[in-house]
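Please examine the sequence and the structure shown below. The paragraphs that follow lead through some of its features step by step.

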Amino acid sequence: MNHPSRRASTGRVVVRGTNLTRSFAGRTVLEDVSLALEEGEILGIIGPGGGGKTVLVKMLCGLLVPDDGNVEIFGQDLFRLSGIELQALRRRYGLLFQNYALFDFMNVGDNVAFPMRQAGGWTEDEIQARVQDRLTEVGLPNVRHLFANELSGGMKKRVALARSAVTDPEILFFDDPTAGLDPVTSSKIFALVRSTQQHRGSSCVVISHDIDRMSVICDRYLLIYEGRVHFTGTHTDARESRDSVVREFFHGHGTAGRSQPGVR
Amino acid sequence: MTRILANIGALSLLSMETVGGITIVFMRTLWSLVPPRFDRDETWRNLYKVGVKSYPIVVLTALFTGAIMVIQSGHYVRQTGATGLLGWGAGFAVLAEIGPVMIGLMFSGRVGANNTAELGTMKVTEQIDALRTLAIEPFRYLVVPRFISMIVMLLLLTVLGDLFALGGGAITSELILGVDYRVFFQGVFESHLLDEFVTGLVKAITFGASISVVSCHFGLTVTGGATGVGRAVNASVVTSAIGIFVLDYFITYLTAG
């Protein structure tokens, strides 16, 4: 698959998860999962629903502690940092939540401005200008006075995208950015993910089920199946794979759909 | 028999878990106050939400509380003609006991429940996780401002409530018992109830701290979506009410001697 406008990966690993294992109430959701995200790369994570993709991203962000294994971001072990060190590191990455997670007691403008105000170092004029820029980029220049409950699902996703990228973080995690959206809005969201990555040079992890649209933006894929890494490689690797599970996910035929994947 | 013992054991564990969780929230809040590290904008927002929006219900509750105190005393006042004791009786009961307890319970039902629901909803909609990923410590941003706001505002609302309760008592004594309001207030002022007033304020501060810590604990530990939020609100109101009566008992015991 050709990606003419994409920035090249530098080969430097910015996020590394090693042997990540996590169980809930005695059920193993992820077992021995390892991955690496290179600088400037977009890594797509795919797999069956309920298969632990969100759990994996939450562990990579430090929101969930693994039962075993560790996560390094920019070479720093996330779970060995002090509170202040962790806060400093968190300013270098952003997360777009599957369910938006917009603050419902703030309007759109304040939601997008919030990370900048909390981080400090910007004047209010600079904040307002940046917020307006970001909202314009996501195609919502006139909604800053509205509250989250006044927006549609697609608008909420775009506002959440603007908020997660407003401070230009070096790494962006997108947890199913098109879940529940129509195809047109999904295409717009993926285009925004790509333009955000191109303009800021961020490294990105994207979870989605939408392989067709992911293929336009992702450099590499990680397939999580039955709690383990089943495949990692490019779209071309996947296309040439004879593995039935890989074929199921990438081409819609194979045997994976007949099994009961996911939580073990 | 085994089943009964198992239930008692489970209830004991749950109670200890709750008390432990509340204690941790309280200690972390105190830790965050030395030196003070919290969000000022969020504190102002909470002071307004907690205090300004609560005073109508406090005024109404206080007016009727004072009136009820006087009506209850009315029978004996009529029998004995000791109208001078009316102000003392109502003042004593309102300032030291009924005022802070009633206002605390109203505050718990309105502000505490609202706080648990708000934090619980933030938890289940991942807004608290969003704060963490934005490098904001949720405890300092959410809990400490609420702790400060509830203490300050319950203290002020108790003073306001005391005034209106005595006003309600005076109006009732004039209209229903035919005792001049000046006689009522003379009874209040000549009884030297400063100690009772101060005791009431100490209770208000303690109740404010208790309601904030309890409501934040239940809000932050919500699991299970909307149903979980409902359960947490219920548990928060019940636990806050128990906390108010337990603290009231100890403060009354310590100050009575």
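In this predicted model, A:Ile45 stands opposite A:Leu222 of strand β9 in chain A. The strands concerned are β3 (residues 42-46) and β9 (residues 220-225) of chain A, which pair in the parallel sense over 4 bridges. Strands of a sheet pair through backbone hydrogen bonds, and the pairing is either parallel or antiparallel.

Both strands belong to an open sheet of 6 strands in chain A, where the order is β6-β7-β8-β3-β9-β10 and the pairing is mixed. At the edges stand β6 (93-96) and β10 (228-233) of chain A; each has a single partner strand, so one side of each is left without a neighbour in the sheet. On average, neighbouring strands of this sheet are turned by 15° against each other, direction ignored.

Helices also pack on this sheet. Helix α6 (residues 183-200) of chain A touches β3, β7 (171-175) and β8 (203-207) of chain A, and its direction makes about 165° with that of β8(A). Helix α9 (residues 244-251) of chain A touches β3, β9 and β10 of chain A, and its direction makes about 115° with that of β9(A).

The axes of α6 (residues 138-175) and α8 (residues 194-220) of chain B come within 8 Å and cross at roughly 145°. This crossing of α6(B) and α8(B) is right-handed, and the residues of the contact divide into 17 nonpolar, 5 polar and 2 charged.

A single residue may be considered last. B:Thr61 lies in helix α3 (residues 55-80) of chain B. With a relative accessible area of 14%, B:Thr61 is buried. The side chain of B:Thr61 reaches the backbone oxygen of B:Ile57 at 2.6 Å. Not counting residues up to four places away in sequence, B:Thr61 touches B:Met102 and B:Met106.

Conventions
Residues are numbered from 1 along each chain as its sequence is written. Chains are lettered from A and ligands numbered from 1 in the order in which they are written. This is a predicted model: local features need pLDDT of at least 70, side-chain atom pairs count only at pLDDT 80 or more; totals for chains, interfaces and linings use all residues. Side-chain values use heavy atoms; hydrogens and water are left out. Axes are lines fitted to C-alpha atoms, for helices over the stretch in contact, and angles run from 0 to 180 degrees between N-to-C directions. Helices (H or I, at least four residues) and strands (E, at least two) are DSSP runs, numbered from the N terminus. A crossing is left-handed if the near helix is turned anticlockwise from the far one by less than a right angle, and right-handed if clockwise. Ala, Val, Leu, Ile, Met, Phe, Trp, Tyr, Cys and Pro count as nonpolar, Asp, Glu, Lys and Arg as charged, and the others, Gly among them, as polar. Buried means under 20% relative accessible area, exposed over 50%, partly exposed in between (1.4 Å probe, protein chains only). A polar contact is a pair of N or O atoms within 3.5 Å; within protein, one must be able to donate a hydrogen and the other to accept it, and residues adjacent in sequence count only if both atoms are side-chain atoms. Contact means heavy atoms within 4.5 Å. Two strands pair if DSSP finds at least two bridges between them.
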